[in-house]
Structure formats: structure tokens, C-alpha cells
Amino acid sequence: MGATEILEMIKKEPARNTKADFVESMKRDLERVKFVDLKFTDMPGTWQHFTVPISELSENSIMNGFGFDGSSIRGFKDINESDMLLMPDLKTGFTDPFSYDTVSIIGNVKDPETGEPYSRDPRFIAQKAEAYLKESGIADTAYYGPEAEFFIFDSIRYDQKENCGYYYIDSSEGSWNTGAENNGSPNLGYKPRYKEGYFPVAPTDSLQNIRNEIVETLIKSGINVECHHHEVATAGQCEIDMGYAPLLRMADQVMMYKYIVKNVAVKHGKTATFMPKPLFNDNGSGMHVHQSLWKSGKNLFYDKDGYAMISETAKHYIGGLLEHAPALCALIAPTTNSYKRLVPGFEAPVNLVYSKRNRSAAVRIPMYSTSDKAKRVEFRTPDPSCNVYLAFSAMLMAGIDGIRRKIDPGEPMEMDIYHLSSEEAAKVKSVPGSLSESLNALENDHKFLLAGNVFTQDMIDTWISYKRTKEVDPVRLRPHPWEFNLYFDA
């Protein structure tokens with residue numbers, strides 16, 4: 001039995017196969033699978049891992065978990081209560097494409113004293129969100145389809161000290177390099193102009209083959225991919241679209257997606273980032289999230305006679321997203337850098353309205369297909385710096401609240417919002433202008449997240465405290481390079 005067959009056993013896990021059967025099957029394949037890499041997500045949303053030899057995987061270790069130090073993980077435990085357990089979820093197994101003879105398995109975090117799932121484990125929150133949806137009776141499945149954009153750069157240097165602060169990005173695709181000398185090699189031009197990277201063919205798009213390799217690796221890892229292309233910005237902005245999947249599975253896939261994108265880039269001597277706004281004066285990277293609710297195989301968001309063929313249920317879901325958007329921003333656009341992208345007047349999805357086709361609205365209803373299976377809403381405000389387990393769960397909770405309270409999203413806005421008069425634009429609500437404002441909004445509006453104990457008060461308080469002390473304050477305290485241009489001669 002090879003690694004591929006082992007993974008098939010993990011995913012199918014038929015009733016006749018006990019965990020002991022699974023372990024013995026892996027051990028019989030020692031020549032090919034020698035390690036198990038156990039992965040989990042910290043509170044801000046970054047994958048963490050540790051690796052055990054295949055000999056350490058047993059029915060007992062699967063049932064009782066693997067110990068680790070929770071005090072060393074961001075947002076988890078204090079040092080006086082550091083012991084945690086990681087419980088492998090066998091159905092998440094995939095052959096790790098970057099670690100020789102290794103199967104990767106995503107796990108859930110457990111408290112060893114209480115024996116309960118850890119309340120701050122982001123993956124557990126996503127599991128609770130899915131369970132709450134089913135318990136509500138509204139639907140049995142929430143499908144998510146994120147479009148996570150990213151940049152592939154040739155190099156990145158950054159530092160900040162008491163007497164200096166800088167970052168330096170370079171890319172052979174960067175429009176700023178049209179006049180560069182390349183150490184004796186010719187400069188061949190063909191660089192996407194600012195805001196014109198969507199989407200020229202090669203040689204202007206120089207990353208086609210790298211994206212092909214990323215897609216091939218994603219597919220081999222069990223992820224369905226619909227398409228890939230260059231994005232709007234110069235200097236290597238890209239997008240790869242995955243097929244939709246249930247909430248938890250999609251959150252797992254986004255973590256795998258980031259891992260694969262970054263490691264394929266490194267393999268080619270490049271670096272990939274999901275930072276929302278690494279470049280000044282060009283488009284940032286968003287993560288438009290397509291969402292729909294289904295029950296007994298039926299798409300609850302479809303109504304052939306409704307506006308844009310969406311149902312009243314879909315409208316109320318949108319109403320929940322728009323009403324809670326300021327608070328949601330603390331989780332879906334959760335970095336100080338996110339608000340360099342979310343700036344009014346710069347084609348950013350900051351306007352809290354909905355529309356069909358209109359990309360200047362925070363919520364768009366795609367009109368590519370008239371099929372009932374394709375009908376969904378697209379929330380355009382999130383970005384890929386978020387913890388996807390928390391972001392997806394929060395959006396679902398806002399949508400459920402909208403459905404339960406029948407929140408009216410108002411009339412759709414079809415005109416180009418960017419060309420409204422100042423008086424008209426002032427009537428359109430928008431998202432907060434900074435992470436600090438979003439955290440204040442979350443502090444004042446999070447009751448909808450606590451429903452069904454999906455999020456806990458401890459989790460919300462910890463998130464707000466962490467973001468304020470570890471991100472908002474450190475950025476607020478440091479001089480910005482442009483301030484020297486503005487104020488040095490004061």
C-alpha cells in the first residue's frame with residue numbers, strides 16, 4: 001500500500017477500518033511513509049506544525065493526542081497552563097508535497113485537564129459554526145468559495161530600528177524596473193503597467209508556469225481548482241480560484257493553499273505574500289468570499305423570480321453581513337495593513353451596499369450563470385491576511401443573524417458608487433477606516449457571534465487585546481517614512 005492508497009483510506013475511513021487498522025496500514029508502508037506532520041492554526045491564522053516518526057502513530061496516540069507547549073503559540077495559553085494536546089483529524093490527511101516521505105494531517109487542539117476541545121482553537125470554532133447552522137434548522141451546509149489573491153516577488157527586505165525604518169520590494173515584473181540595468185543581462189521590458197496586470201499573456205505575464213505548478217500541486221493534494229490568472233497589480237499579483245466546499249473543509253484548504261503557494265514560490269527562488277497591501281499606488285490583495293446555504297441538496301439562495309435570482313433568505317443573509325460588517329472587519333480584514341487596501345475612492349469594497357455585477361459594492365451577486373446551483377453572494381471586503389476559520393465562521397454567524405431577524409439590506413445600488421456626488425456618497429455607509437475602529441466595533445457588536453457558544457467571550461476579548469497590544473500599538477508608536485517628507489522641516 002502506497003502513500004496515495006493510505007490517503008484514500010484516511011478520507012474514506014469505512015466502518016470496517018478501525019484506527020488500529022489505519023495505523024498498521026501506514027506502518028506496513030515504512031519504506032515510503034516515514035513521518036507524520038501534524039499541523040494546526042494559531043489564533044492570528046498561521047499554520048504551526050510538529051513532526052513525529054510513523055512509529056509514534058498508534059491507535060492510542062490518535063485517541064489521546066500529541067502533547068505540545070501551548071504557551072509558545074500566539075493567542076493560546078499562559079506559561080503556567082501551557083500543556084495542550086493535538087488531536088489528528090485523519091480525514092484531513094494529504095501527502096505533503098514539500099516534505100519527503102511525509103503525510104500531513106491537520107489537528108484540533110484539546111485541553112488535557114478538562115478533556116474538552118480548546119475554546120480558542122480556530123478550527124474548533126469553525127466546527128461549532130457548522131454545527132450551529134444545522135441546529136438552527138435554517139440549512140445543513142454552508143458552502144464557501146474564497147478568491148485569495150497574492151503577490152510573487154523576487155525579493156523582499158524590511159527592517160525597523162530606533163534610527164531607521166524601511167522596506168524594499170523587487171520584482172522583475174515591477175513596472176518600476178522598465179529602466180533597470182540587470183547586471184549585464186538585457187532588460188527585455190514586458191512588465192505589466194500599474195493597474196494593468198489583468199490579464200496579459202506571456203511574456204508580460206511571466207508567472208504562468210509557476211502558477212501551473214502551484215495548481216498541479218493543489219490538485220495532487222486533493223483540492224479542486226477552477227482557474228488561475230495574473231491579477232491587476234504590477235509585480236506579480238496572482239489569483240488561483242478553488243472550487244467551493246463546505247465551510248470547515250474550505251478553511252482547511254485555504255491553509256493548504258497558502259502553504260503550497262509559498263513553498264512553490266520558494267522552490268523557484270521567489271517569495272509569495274498574502275499581505276493585503278504590500279505596494280503603494282497599485283491594487284492590494286483581497287479575498288472575495290462566495291457564500292451560499294443549502295438544505296437537503298437545495299440552494300436556499302436561489303429564486304428565479306427574485307432580484308438577481310436571489311431569494312429572501314439570501315437577502316436577509318446579506319442584511320446580516322452589511323449590518324455587522326464594521327464588527328466583522330476586525331476578523332475578516334484583521335491587520336493594520338488591511339486598511340491601506342480598504343480606502344474609499346480607490347476601487348476598494350468599502351461601501352456597505354449590495355448589487356448584481358457592481359464590483360464597487362461590498363456584496364455582489366455574480367450573474368455568470370442562471371443555474372440554481374451557481375447562485376451565491378460574494379462578500380468582497382475580506383482579505384487573505386485573516387484567520388479563515390474565524391473569518392468564515394463570523395460571516396456565517398452574521399448571515400444567520402440576518403436570516404433569523406429578517407434584516408432588510410435595503411435597495412440594491414446599481415450605479416458606480418465611485419462616481420456619486422459627494423452629497424450622494426455621504427449617504428452610503430462604509431467600513432471602518434482602521435483596525436482600531438474595527439476592534440471598537442467588534443467590542444460593541446459581538447452578541448451575534450456568541451450565539452450557540454460558537455465564539456466565546458474569552459475568545460473575543462483575547463482577540464481584541466492581542467490585536468491592540470501586538471499590532472495596533474506597535475504600528476502606532478513607530479514613525480512612518482513618509483512623515484519625514486511631510487514634517488522633517490517643521
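Predicted model: local features only at pLDDT ≥ 70, side-chain atom pairs only at ≥ 80, totals over all residues.
When neighbours within four places in sequence are left aside, K77 is in contact with G70, S71, S82, M84, D111 and Y118.

## D37 in strand β1

D37 belongs to strand β1, which covers residues 35-41, and with a relative accessibility of 4% D37 counts as buried. Its side chain is joined to that of H49 by a polar contact of 2.7 Å. Not counting residues up to four places away in sequence, D37 touches H49, F50 and T51, together with D96 and the residues T102, V103, S104 and I105.

## The packing of α12 and α14

Helix α12 (residues 435-444) packs with helix α14 (residues 457-477) at an angle of about 165 degrees, the two axes lying 10 Å apart; the helices are therefore roughly antiparallel to each other. Their crossing is left-handed.

On the α12 side, the contact is made by L435, S436, L439, N440, L442 and E443, and on the α14 side by I460, W463, I464, K467, R468, E471 and V472. Classified by residue type, the contact of α12 with α14 comprises 7 nonpolar, 2 polar and 4 charged residues.

Terms used
Residues numbered from 1 in each chain as written. Heavy atoms only, no water. Helix = DSSP H or I, 4+ residues; strand = E, 2+ residues; numbered from the N terminus. Buried < 20%, exposed > 50% of the residue type's maximum accessible area, 1.4 Å probe, protein only. Polar contact = N/O pair within 3.5 Å; in protein donor to acceptor, adjacent residues only side chain to side chain. Contact = heavy atoms within 4.5 Å. Axes fitted to C-alpha atoms, helices over the stretch in contact; angles between N-to-C directions. Parallel < 35°, antiparallel > 145°, perpendicular 65-115°, else oblique. Left-handed = near helix turned anticlockwise from the far one by under 90°. Nonpolar A, V, L, I, M, F, W, Y, C, P; charged D, E, K, R; others polar.
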